[in-house]
Amino acid sequence: MKILSAEFIKSIADLKQLPHDRVPQIAFAGRSNVGKSSLLNSLLNRKKLVQVSSTPGKTRLINFFLINQKFYFVDLPGYGYARVARNISQAWQKLIENYFLQSPDLRGVIVLIDLRHDIMQADLELIDWLTFNQLPVIVVGTKADKLSGNQKNTRVQTNQDLLKTLGIQIFIPYSSITGLGKEPLWTAISELLSNSKA
């Protein structure tokens with residue numbers, strides 16, 4: 001995918017503020033500190049388009065970035081940060097769930113996990129919820145450059161086996177540092193965008 005333009009459009013805290021331009025959307029979800037901002041910047045060949053928060057769990061808005069004037073990348077608030085008050089965490093969850101269910105232009109969800117660790121329960125619950133609601137899901141394992149070759153291969157195989165039990169066929173190891181996984185992820189995103197939606 002050649003990136004001709006990538007621009008921040010808006011942040012929303014209420015679904016009444018959703019864009020109504022019928023432009024396709026690809027959402028990115030993951031636990032706080034999973035490397036979502038770094039992945040988005042590397043995908044878009046930008047250094048600081050998506051800001052990295054110095055405090056995990058701080059970002060509470062849904063952010064829209066218009067790519068090539070043709071589709072949105074939607075950066076969702078990180079989840080699962082222990083220091084966030086429970087009532088705030090529940091409010092985020094409701095906002096995100098409602099976005100998934102109510103956005104008519106959502107084509108799919110990229111769920112990010114940290115490849116260095118086992119897939120956490122919150123990640124599994126999100127993936128299971130998305131598949132139950134028949135939303136296309138691609139799972140990406142970030143920070144692959146932090147592992148040795150053997151460690152990475154073992155993690156990838158373990159995660160693939162587990163995710164297949166949830167009906168997930170695409171798992172992509174990714175590194176924002178080396179570019180590993182960038183091409184396969186763009187291929188998967190292009191396939192999601194090509195799927196028309198009534």
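I count a salt bridge when a side-chain nitrogen of Lys or Arg lies within 4 Å of a carboxyl oxygen of Asp or Glu. The model is predicted, and I keep that in mind throughout.

**Entry 1: salt bridges**

I looked up the salt bridges and found four in the structure. Side chains of opposite charge can pair when their charged atoms come close.

I began with Asp114 and Arg116. Their side chains meet in a salt bridge at 2.8 Å, N to O. Asp114 has 14% relative accessibility, so I list Asp114 as buried. Arg116 has a relative accessible area of 29%, so I list Arg116 as partly exposed.

Next I took Arg155 and Asp118. This salt bridge has an N to O distance of 2.5 Å. Arg155 sits in helix α4, while Asp118 sits in the loop between β5 and α3. The two are 37 residues apart, and the pair links distant parts of the chain. Arg155 is partly exposed at 23%. Asp118 is exposed at 54% relative accessibility.

Then I turned to Lys36 and Asp75. Their side chains form a salt bridge too, at 2.5 Å from N to O. Lys36 belongs to helix α1 (residues 36-43) and Asp75 to strand β4, 39 residues apart. I noted both Lys36 and Asp75 as buried.

**Entry 2: strand β6**

Is strand β6 mostly covered or mostly open? I checked residues 137-142 and found six of six buried. I also sorted them by face. Val137, Val139 and Gly141 point to one side, and Ile138, Val140 and Thr142 to the other. Both faces are covered.

I then looked for the neighbours of β6. Strand β5 (residues 106-114) runs parallel to β6, joined by six bridges. In that pairing I found Val111 opposite Val139. Strand β7 (residues 171-173) also pairs with β6 in the parallel sense, over three bridges. Here Val140 stands opposite Ile172.

I traced the connections next. From β6 the chain passes through helix α4 (residues 149-164) to β7, in a right-handed β-α-β crossover. I found a right-handed β-α-β unit on the β5 side as well, made by β5, helix α3 (residues 121-132) and β6.

**Entry 3: aromatic pairs**

How many aromatic pairs does the structure hold? I found nine. A pair of aromatic rings is described by the distance of the centres and the angle of the planes.

I looked up Phe71 and Trp186. Their rings are edge-to-face, 6.3 Å centre to centre, with 75° between the planes. Phe71 lies in strand β4 (residues 71-75) and Trp186 in helix α5 (residues 182-194), so this pair ties together parts that are 115 residues apart in sequence. Phe71 is buried at 5% relative accessibility. Trp186 is also buried, at 5%.

Then I went to Phe100 and Trp129. This pair is tilted, at 5.9 Å centre to centre and 40° between the planes. Phe100 sits in helix α2 (residues 86-102) and Trp129 in helix α3, 29 residues apart. I checked accessibility again. Phe100 is buried, with 4% relative accessible area.

Which residues form one aromatic cluster? I listed Phe64, Tyr72, Tyr99, Phe100 and Trp129.

Notes: Residues are numbered from 1 along each chain as its sequence is written. This is a predicted model: local features need pLDDT of at least 70, side-chain atom pairs count only at pLDDT 80 or more; totals for chains, interfaces and linings use all residues. Side-chain values use heavy atoms; hydrogens and water are left out. Buried means under 20% relative accessible area, exposed over 50%, partly exposed in between (1.4 Å probe, protein chains only). Helices (H or I, at least four residues) and strands (E, at least two) are DSSP runs, numbered from the N terminus. Two strands pair if DSSP finds at least two bridges between them. A crossover is right-handed if, with the strands pointing away from the viewer, the path from the first strand over the helix to the second runs clockwise. Rings of Phe, Tyr and Trp (its six-membered ring) pair if their centres lie within 6.5 Å; planes under 30 degrees apart count as stacked, over 60 as edge-to-face and the rest as tilted.
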